[in-house]
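Please open the structure in a viewer and keep the sequence at hand.

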Amino acid sequence: MLNQSEPSFFERNRFRMVTLILIALNVIVFAVETVLSGFRVNVSTSVLVQMGAMYAPWMQSAADLYRFVTPMFLHMDLMHLGFNMVALYSVGEVLERVLGKGNFLALYFIAGITGNAVSYAADVFLGGGSTVSAGASTSVFGLFVAVALLGLLHKGNRSMFAQYSKGMLGIIAVNVAYTFLVPGISVSGHLGGALGGLVAMFMVPSKSLRVSNVARVAVGVLWVASLVWLLASQGLLSL
């Protein structure tokens with residue numbers, strides 16, 4: 001009788017199912033990376049590039065546009081994976097609960113794609129074309145910014161979310177400082193992901209947010225237009 005009264009796994013995790021699925025996907029992909037790297041947890045650069053890491057010289061046509069998505073599921077070593085998955089788990093539930101599963105998933109991808117697009121643009125326009133970048137941190141930075149914005153945009157208990165958001169601002173500041181101080185981290189990818197989180201919060205159609213439909217459409221059109229311009233300017237998209 002006791003076992004029958006216990007909630008199921010899905011009931012216990014109903015507000016973080018998307019988060020858990022994303023974590024599982026990242027772990028599975030990392031397992032494949034380690035196998036292809038000779039069962040080493042420090043993944044080789046060649047494996048990262050072959051599996052879809054952001055590498056500007058390999059962006060030659062529309063067929064390569066998947067590299068704006070795949071890097072957010074690739075990681076360079078076990079610590080890289082662990083840090084990003086802990087960060088994803090820590091903020092995933094509150095965002096799933098507030099925004100809804102679909103909107104949370106859209107936020108994750110908009111932030112990640114934006115971060116990878118900014119990383120690509122930095123490589124192209126600033127001459128850093130040899131940089132290989134990967135990691136869910138583009139999306140994670142966007143999620144951090146999304147949580148920080150809840151105090152401003154949430155329709156409900158704004159005082160509670162305001163306190164939550166203040167704490168997140170401190171976490172963002174620490175992570176931005178870490179990004180600039182530690183060599184080998186994609187500054188453009190992290191800052192681009194943060195920008196993507198900001199953009200996504202004004203795009204996703206969540207009823208919990210104080211954002212008008214006009215603003216959502218305007219921001220969405222601007223975001224798509226910016227991506228189209230970037231791709232077209234580099235010959236990746238024919239208009």
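The tour begins at a threonine and then turns to the salt bridges.

This is a predicted model, in which local features need pLDDT of at least 70 and side-chain atom pairs count only at pLDDT 80 or more, while totals for chains, interfaces and linings use all residues. Residues are numbered from 1 along each chain as its sequence is written, and side-chain values use heavy atoms, with hydrogens and water left out.

**First selection: Thr-19**

Select Thr-19, which lies in helix H3 (residues 17-36). Helices here are DSSP runs of H or I with at least four residues, numbered from the N terminus. Is Thr-19 buried or exposed? Its relative accessible area is 1%, so Thr-19 is buried. Buried means under 20% relative accessible area, exposed over 50%, and partly exposed in between, computed with a 1.4 Å probe on protein chains only.

Next, display the surroundings of Thr-19. Neighbours within four places in sequence aside, Thr-19 is in contact with Leu-88, Tyr-89, Gly-92, Glu-93, Glu-96 and Phe-104. Contact means heavy atoms within 4.5 Å.

The side chains of Glu-93 and Arg-16 form a salt bridge, at 2.7 Å from N to O. This pair links distant parts of the chain, 77 residues apart: Glu-93 is in helix H5 (residues 78-99), and Arg-16 is in the loop between helix H2 (9-12) and H3. A salt bridge is a side-chain nitrogen of Lys or Arg within 4 Å of a carboxyl oxygen of Asp or Glu. Glu-93 counts as partly exposed because its relative accessibility is 27%, whereas Arg-16, at 17%, counts as buried.

Arg-97 and Glu-93 are 4 residues apart in helix H5, so about one helical turn separates them. Arg-97 has a relative accessible area of 47% and is therefore partly exposed.

Finally, select Lys-101 and Glu-96. A salt bridge joins them, the closest N and O atoms being 3.4 Å apart. Lys-101 is partly exposed at 37% relative accessibility, while Glu-96 is buried at 3%. To close, select Arg-16, Glu-93 and Arg-97 together: salt bridges that share partners join these residues into one network.

Note on methods: Helix = DSSP H or I, 4+ residues; strand = E, 2+ residues; numbered from the N terminus.
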